[in-house]
Amino acid sequence: MLVVAMTMLFAGEALSQQGSIRGRVYNEMTNEPLPFTNIIIYGTNTGSTSDLDGYFLFTGLTPGFVRLQVSAVGFEGRVTEEFMVTNARTANIDIGMREIRVELASVEVTASPFERSEESPVSLRRIGIQEIERSPGSNRDISRVIQSLPGVGFTPSFRNDVIIRGGGPSENSFFLDGVEIPNINHFATQGASGGPVGIINVDFIREVEMYTGAFPANRGNALSSVFEFRQVNGNQEKLNFRGTLGASDVALTADGPLTQNTSFILSARRSYLQYLFSVVGLPFLPTYNGFQFKTNTKTGPRSELSFIGIGAIDQFQLNLGANETEEQRFILDYLPVNEQWNYALGGVYRQFRDNGFDTWVLSRNMLRNTAFKYPGNNENLPRSLDYLSDEIENKIRFERLLNIGNTRVRFGAGGEYARFSSDTYQEVFLFDQLQVIDFESALDLFKWSFFAQATRRLMDDRLSLSLGIRADANNYRPLMANPLRQLSPRFSASYKLQENFSLNFNTGRYFQLPAYTTMGFRNNDGQLVNRENGLRYISVDHLVAGIEWLPTGSSIISLEGFYKDYDHYPFSVRDSVVLGSRSADFGVFGAEEVVSTGEGRAFGAELLLREQRFRGFNLILSYTFVRSEFKDIANNYVPAAWDNRHIVILTALRKLPRNWDVGLKWRFSGGAPYTPYDLEKSSIRDAWDVQGMPYLDYSRFNRERLRAFHQLDLRVDKQFFLDRWSLMLYLDVQNVYNFKADQPANYVRVEDAAGKPVVISDNGVERYELKRLENLIGSVLPSVGIILEF
């Protein structure tokens, strides 16, 4: 209704269709300008040519998402990532071109929007800004957009866990313009990833690269994926603003010039979820705040300096007045108050040379996580949970990229100082008795790494080979200090049977440190028990092979098979399961005694079909078959929590006349395994009182499986491009046909007529009488977004 109303409101306005693009074309290795380069609006005949300094200009353009197709003699043709053209601002883009090291007479350039990487010819997906902005069901949340990619698992719960090819949510690394950031979600799970809402503001994003294998050697500490979030630079001509009212927050973004050579982009966001949750009677009230900024300075003709920052303040309180139903009281009984704040700051300096460039990255990030719980939410009683933890990392990394003949070489090194501290008090029920976990921990870590990778094309560019190696070490224990024990080789190959048909392959070994919560865990005597237990780096061996076919310039079909073999995964002493095989909830993950004996595997296949111009539709269809299994204490493989087996995602987007866009997304996921409750233990009064919810029966770990889950999301967008400002509206409807997904049943205490829990005596043991509550989630969820740009 809002979209229709706004359409009528502006029906009589004089709309402007005069967008413009200003940009620069340069040699990506030397930063030298490329004059007389041909640039056209991709898919049209509208073109321009760069001047002697590599600059070009388009004016009088129809607003909307566009790509540029660029060609220059002696350079590979290129189709840029998508970007938005509006009348309210001039779009700025810098385009780096790769030189072809062959004789001029043999040069033949073919550009494609499906850009490939010789270092990672398999398991690399790119997401453009149009897919992010228009993704149905995602509400401009990049963390939710990621869950629409091939090979990425998803759940019907309100979490943004990044589950890649059967790997757990703690197995991923994230980089923002080359600066590593510890997590990408508000209310993040410490020791893993995930959370209900993404931190990254979509206004900053230019393109996202997702590596699900074939990791470049300069990226470490990941087992399942590496994400590269590439950001835009601020406008270089004038100050611009963008205000956004989304499904759960309000944001303001500003960008423009600071000096002649420096631009900036800055944003702040604040949620209003607490008001919505209070109105509908939810027993918890979260509030999140976020900031993000970037500056970019051209410090010279062959150098540039960027400063990057991102952070969040996440606040939480219980809504004690929402206690009318059994479900509300159940949540209030077990849910702690969990608050946190975090930030990441970094500087990136790039110095170009005659045949390459150097990159220096200096950064710092910090997370503070707190949680507490009062028994019965009575603040007059001592807390049954009181937790405070800090994670601080200070990093430096140097990289050099250069061409040596026909070989591209990248090498470098990194160093890091990290500090972890925690103050933990928790009442628990272990080994049939009440116990108290009470310790303080402080841990100082020094880490270092070295890496190198060489890539070469052979056989008239039909064959490309890439060989990389990486070594990581730290001072946690002597075994980890030897980098040869964490030697990480990787090898990729790609062969073109035809110009549009390739065979691709990669194998590699990758390492990741266990979570700080695991490394810094102490017993009540203050001993670092996991260090004494011989904690090691987690390792995984990847094997990936596939084919890629480009039937037309706007379509791609790829098929990949993958196998991952895990070793030295932390194995829970208490629960006798591998940590990587069980799901992570909010709060803290991995803070327990473990041994590095866990083994597992994940394997499957991934099919992707994409057609950008199918009868006016942009279609993406993916199917993933995946198995994820880890060995139990009896050395038998059991399904991991991520063993969904079948994942299907269909996305269809279409642009309509008069600046309308429509889209749909249908998702299917096989049922996830889950562990049933130990009702015998759960009913014990002392056991229930310290946890407020039932206990899992780890002797039957992941023996049960939920039903399959599927959901249809729809989205409608309408844009108004007026003389000096633009207005963009969208209507997003999640779960259109109201599918109810089953979850493990909840158990609550039976209450008497006075509302008191019923207690029975069983051979001298006091027990609560429990009853089962079916747990179905899912409802039609409409939301409206308003974006104003001026």
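A: Gly281 follows H4 and has a positive phi, near 85°. Helices here are DSSP runs of H or I with at least four residues, and strands are E runs of at least two, numbered from the N terminus. This is a predicted model, where local features need pLDDT of at least 70, side-chain atom pairs count only at pLDDT 80 or more, and totals for chains, interfaces and linings use all residues. Residues are numbered from 1 along each chain as its sequence is written, and side-chain values use heavy atoms, without hydrogens and water.

Q: Which residues of helix H4 are buried?

A: Buried means under 20% relative accessible area, exposed over 50%, and partly exposed in between (1.4 Å probe, protein chains only). In H4 (residues 273-280), the buried ones are Leu273, Gln274 and Phe277. They lie on the same side of H4, because they cover an arc of only 95° around the axis, taken from the directions from the helix axis to the C-beta atoms. Tyr275 and Val279, on the other side, are exposed.

Q: What do the buried residues of H4 pack against?

A: Strand E21 (262-271) and strand E22 (284-300). Contact means heavy atoms within 4.5 Å.

Q: Where does Leu714 lie, and is Leu714 buried or partly exposed?

A: Leu714 lies in strand E41 (residues 709-721). Its relative accessible area is 34%, so Leu714 is partly exposed. Beyond its neighbours within four places in sequence, Leu714 has contacts including Pro136, Gly663 and Leu731.
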